[in-house]
Amino acid sequence: MFLLSLGSVSADNHRERVSPDEMERMVEERVREIQERMRERGISEGPEWVIGVALRQTDEGLRVSQVMEGQPAAKAGVREGDLILTLNHFRVRDLEKLKGLIQMSEGEPVELEVRRGREKVVIEVKPQRVE
């Protein structure tokens, strides 16, 4: 399981002591920090982790518009039309947050919860490194 490191606070070790809203705020803050560092140094200076999907923003959130053949998402069973609800149990409604959480995984498997039609499906995807 992916351990989310938040400096001196570990999500796995403090699950009962940190409220879900506070944890969400901490994750969003950490994602912003990582994104800022990536912008400062340029993405070409380090690896980028991808799952191989194209997404479109909708009123409901992020919907998968294309799954790239042979990429991690395709291998794991993500389908075109899936609506991404959470990544590692954190709500995801915008592309920047999703990208930040995937980068934070550093290639460790991530758990996507998607809505497919009327059902919720949980899919484990191992991001792929690209230079």
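Predicted model: local features only at pLDDT ≥ 70, side-chain atom pairs only at ≥ 80, totals over all residues.
User: How many salt bridges does the structure hold?

Analyst: There are four salt bridges. A salt bridge is a side-chain nitrogen of Lys or Arg within 4 Å of a carboxyl oxygen of Asp or Glu.

User: Which residue meets glutamate 60 in a salt bridge?

Analyst: One partner is arginine 115, with an N to O distance of 2.6 Å. Glutamate 60 lies in the loop between strand 4 (53–58) and strand 5 (61–67), and arginine 115 in strand 8 (residues 110–116), so the pair ties together parts that are 55 residues apart in sequence. Helices (H or I, at least four residues) and strands (E, at least two) are DSSP runs, numbered from the N terminus.

User: What about aspartate 82: which residue does it pair with?

Analyst: Aspartate 82 forms a salt bridge with arginine 116, and their closest N and O atoms are 2.8 Å apart. Because aspartate 82 is in the loop between helix 2 (72–76) and strand 6 (83–87) and arginine 116 is in strand 8, this pair ties together parts that are 34 residues apart in sequence.

User: Are aspartate 82 and arginine 116 buried or exposed?

Analyst: Both aspartate 82 and arginine 116 are buried. Buried means under 20% relative accessible area, exposed over 50%, and partly exposed in between (1.4 Å probe, protein chains only). Glutamate 60, at 40%, is partly exposed, and arginine 115, at 29%, is also partly exposed.

User: Changing topic, how many residues are in the largest nonpolar core?

Analyst: That core has 27 residues, and those with the most contacts inside it are Val78, Leu87, Leu98, Leu101 and Leu112. A nonpolar core is a set of buried Ala, Val, Leu, Ile, Met, Phe, Trp, Tyr and Cys residues joined through side-chain atoms within 4.5 Å.

User: Which element gives the largest share of this core?

Analyst: Helix 1 does, with five residues.

User: And which residues does valine 78 touch?

Analyst: Leaving out residues up to four places away in sequence, valine 78 touches several residues, among them Val53, Val64, Leu112 and Arg116. Contact here means heavy atoms within 4.5 Å.

Definitions and conventions. Residues numbered from 1 in each chain as written. Heavy atoms only, no water.
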